[in-house]
Amino acid sequence: RAAMQGADFETELRLLMPDGAVKHVDVVGHRIPEFADRPVFLGCIRDITERTLADDELRRINGFLADAQALGKTGSVSFDYTTDTHIWSKETYNILEFEVGSKVTSSMVAGRVHPHDIPLFREFLEKSTGPQHLAMRLLMPDGRMKWLDVVAHVTARVDGVPAGTAC
């Protein structure tokens, strides 16, 4: 198709080697326009086997983690205090009953915290270093109450600003 259209291309392929091994390669081609009478490409092939196998293993491990969190009703969170940026596991969204993948802020989480536990939650967020533990209640929009046990470790980013990881 690249030769017929005369367009640049990039693709990933699997190659079966003579010894039976499979290599994963990234192929890139750039059309050289000086050869107007026929398509001529300058390109390269990179062996990406290690990266591809590592990506496959990471997907497998992440699948196990997601299954374990769902079975144990345990979520994980990483957040940055200064930007109020949260990265949640799927199970964290399920526990707090937010749409998976939606952008969640600390104030949205605070909206789920039982009113009597708001001072504990604020103190938890303001603590700047080290391990933390918090047992608190959630009051869901439909009136149901959930108990939440939070174990967290506050770390500092490279620039020294607190960032946190919770489970």
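Student: How many helices and strands are there in the protein chain of this predicted model, and what pattern do they follow along the sequence?

Tutor: The predicted model has five helices and eight strands in the protein chain, and, read along the sequence, these follow the pattern α-β-β-β-α-β-β-α-α-α-β-β-β. Of the 167 residues in the chain, 29% are buried.

Student: Why is W88 called buried?

Tutor: The relative accessibility of W88 is 11%, and buried means under 20%, so W88 counts as buried. The value for Y93 is 7% relative accessibility, which again is set against the limit of under 20%, and therefore Y93 counts as buried.

Student: How many aromatic pairs are there, and what makes the pair of W88 and Y93 tilted?

Tutor: The count comes to three aromatic pairs. In the pair of W88 and Y93 the ring centres are 5.0 Å apart, and centres within 6.5 Å make a pair; the planes lie at 55°, whereas stacked requires under 30 degrees and edge-to-face over 60, so the pair is tilted. Ring pairs also link W88 and Y93 with F98 into a cluster.

Student: How do you know that the charged end of R112 sits over the ring of F98?

Tutor: The charged end of R112 is 4.1 Å from the centre of the F98 ring, and the distance limit for a charge over a ring is within 6 Å. The definition also asks for a position within 35 degrees of the ring normal, and the charged end of R112 is assigned as sitting over the ring of F98.

Student: Why is R137 called buried, and which residues does R137 touch?

Tutor: R137, which is found in strand β6 (residues 130-139), has 19% relative accessibility; buried means under 20%, so R137 counts as buried. Leaving aside residues up to four places away in sequence, R137 touches R112, V113, H114, H116, D117, M145, K146 and W147. One of these, R112, is the residue whose charged end sits over the ring of F98.

Student: What makes S76 partly exposed, and where is S76 found?

Tutor: S76 has 24% relative accessibility, and because buried means under 20% and exposed means over 50%, with partly exposed in between, S76 counts as partly exposed. S76 is found in the loop between α2 (49-72) and β4 (77-80), and the C-alpha atom of S76 is separated by 7.6 Å from that of E91, 15 residues apart along the chain.

Technical notes
Residues numbered from 1 in each chain as written. Predicted model: local features only at pLDDT ≥ 70, side-chain atom pairs only at ≥ 80, totals over all residues. Heavy atoms only, no water. Helix = DSSP H or I, 4+ residues; strand = E, 2+ residues; numbered from the N terminus. Buried < 20%, exposed > 50% of the residue type's maximum accessible area, 1.4 Å probe, protein only. Phe/Tyr/Trp six-rings, centres within 6.5 Å; stacked < 30°, edge-to-face > 60°. Contact = heavy atoms within 4.5 Å.
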